[in-house]
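Hi,

Here is the structure you asked about, with the sequence alongside. Have a look at it first, and then read on for what turned up.

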Amino acid sequence: MQPHPNVRAVQDALTTAGTLDGAGEPSMVRLLPDAVHTAAAAADALDVEVGQIANSLIFDADDTPLLVLTSGAHRVDTAGLAASIGVTRLRRATPEFVRAHTGQPIGGVAPLGHPHPLRTLVDTALAAYPEIWAAGGVPQAVFPTTYAELLRVTAGTPAEVA
């Protein structure tokens, strides 16, 4: 069975970037038996701490997409984040906005594999874990990596987001 096109795009991006997991091995997208739409569900399925899940949240920042990769243990402080990055309006994006800018559905948005690079902020709390997990393009796909790798492959900026 062929993987979903989004999963292929994410794996291709991981491979092209030479992304590594916490053991220093090539990062590979894994398909879980069921969709995991929340950090808690992903953590349960992977038997890891919820803080190790890198939620990929798309925000509408003054009509421009902003990808915030936040620890599953956090909620984004939108007012504080908006002030720190100099935007007047920062709100959760609609499903249509998310799909238009990532090609991926809410619940499966990966940190990479999008049609165009997105401005990305990476929660500094993720640095506390030797391995973190992110979505792989659809709600049942995930991949392991590290904080340093996530910063590198997304050209992300470290940020306190909670």
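**What turned up**

Ala155 sits in the loop between α5 and β8 (157-159). Before going further, please keep in mind that this is a predicted model. Ala155 has a positive phi of about 55°, although it is not a glycine. Most residues other than glycine have a negative phi.

The buried ones in α5 are Tyr147, Glu149, Leu150, Leu151, Val153 and Thr154.

**The cores**

Now to the inside. The largest nonpolar core has 26 residues. Those with the most contacts inside this core are Val10, Val29, Ile58, Val122, Leu126, Phe143 and Leu150. The elements that give two or more residues to this core are α1 (5-17), β2 (53-61), β3 (64-71), α4 (95-102), β6 (132-135), β7 (141-145) and α5 (147-154). Which of these elements gives the most to the core? The answer is α5, with four residues. Apart from this core lies another one, of 14 residues, and among them are Phe59, Leu66, Leu121 and Ala159. As a general point, nonpolar side chains tend to be buried together in soluble globular proteins.

Leaving out residues up to four places away in sequence, Leu126 touches Gly51, Ile53, Ala54, Leu69, Thr70, Ser71, Ile132, Tyr147 and Leu150.

**The strand β2**

Which strands pair with β2? Here they are, one by one:

- β6 pairs with β2 in the parallel sense over two bridges, and Ile53 stands opposite Trp133 in β6.
- β3 runs antiparallel to β2, and eight bridges join the two. The bridge partner of Ala61 in β3 is Thr64.
- β4 (residues 90-92) also runs antiparallel to β2, joined by three bridges. Asp60 stands opposite Arg91 in β4.

The hairpin of β2 and β3 has two residues between the strands, and Asp62 takes a positive phi near 55° there.

**The pockets**

Last, the pockets. About 420 Å³ of space lies in the largest pocket, which is lined by 25 residues. Which of the lining residues lie nearest the centre of this pocket? They are His37, Asn55, Ser56, Leu57 and Gly107. By class, the lining of the largest pocket has 18 nonpolar, six polar and one charged residues. At least two residues of this lining come from each of α2 (39-46), β2, β6 and β7, and the largest share, six residues, comes from β2.

The second largest pocket has about 240 Å³ of space. The residues that line it are Ala39, Asn55, Leu57, Phe59, Thr70, Gly72, His74, Arg75, Val76, Thr78 and Arg92. By class, the lining of the second largest pocket divides into four nonpolar, five polar and two charged residues. Here again β2 gives the most, with three residues.

Cheers

Methods: Residues are numbered from 1 along each chain as its sequence is written. This is a predicted model: local features need pLDDT of at least 70, side-chain atom pairs count only at pLDDT 80 or more; totals for chains, interfaces and linings use all residues. Side-chain values use heavy atoms; hydrogens and water are left out. A nonpolar core is a set of buried Ala, Val, Leu, Ile, Met, Phe, Trp, Tyr and Cys residues joined through side-chain atoms within 4.5 Å. Buried means under 20% relative accessible area, exposed over 50%, partly exposed in between (1.4 Å probe, protein chains only). Contact means heavy atoms within 4.5 Å. On a 1 Å grid over the protein atoms alone, a cavity is a set of points where a 1.4 Å probe fits but cannot get out, and a pocket is an open set with protein on both sides within 12 Å along at least five of seven lines; lining residues have an atom within 4 Å of a point. Grid points are joined across faces, edges and corners, and a volume is the space filled by probe spheres set on the points. Ala, Val, Leu, Ile, Met, Phe, Trp, Tyr, Cys and Pro count as nonpolar, Asp, Glu, Lys and Arg as charged, and the others, Gly among them, as polar. Two strands pair if DSSP finds at least two bridges between them.
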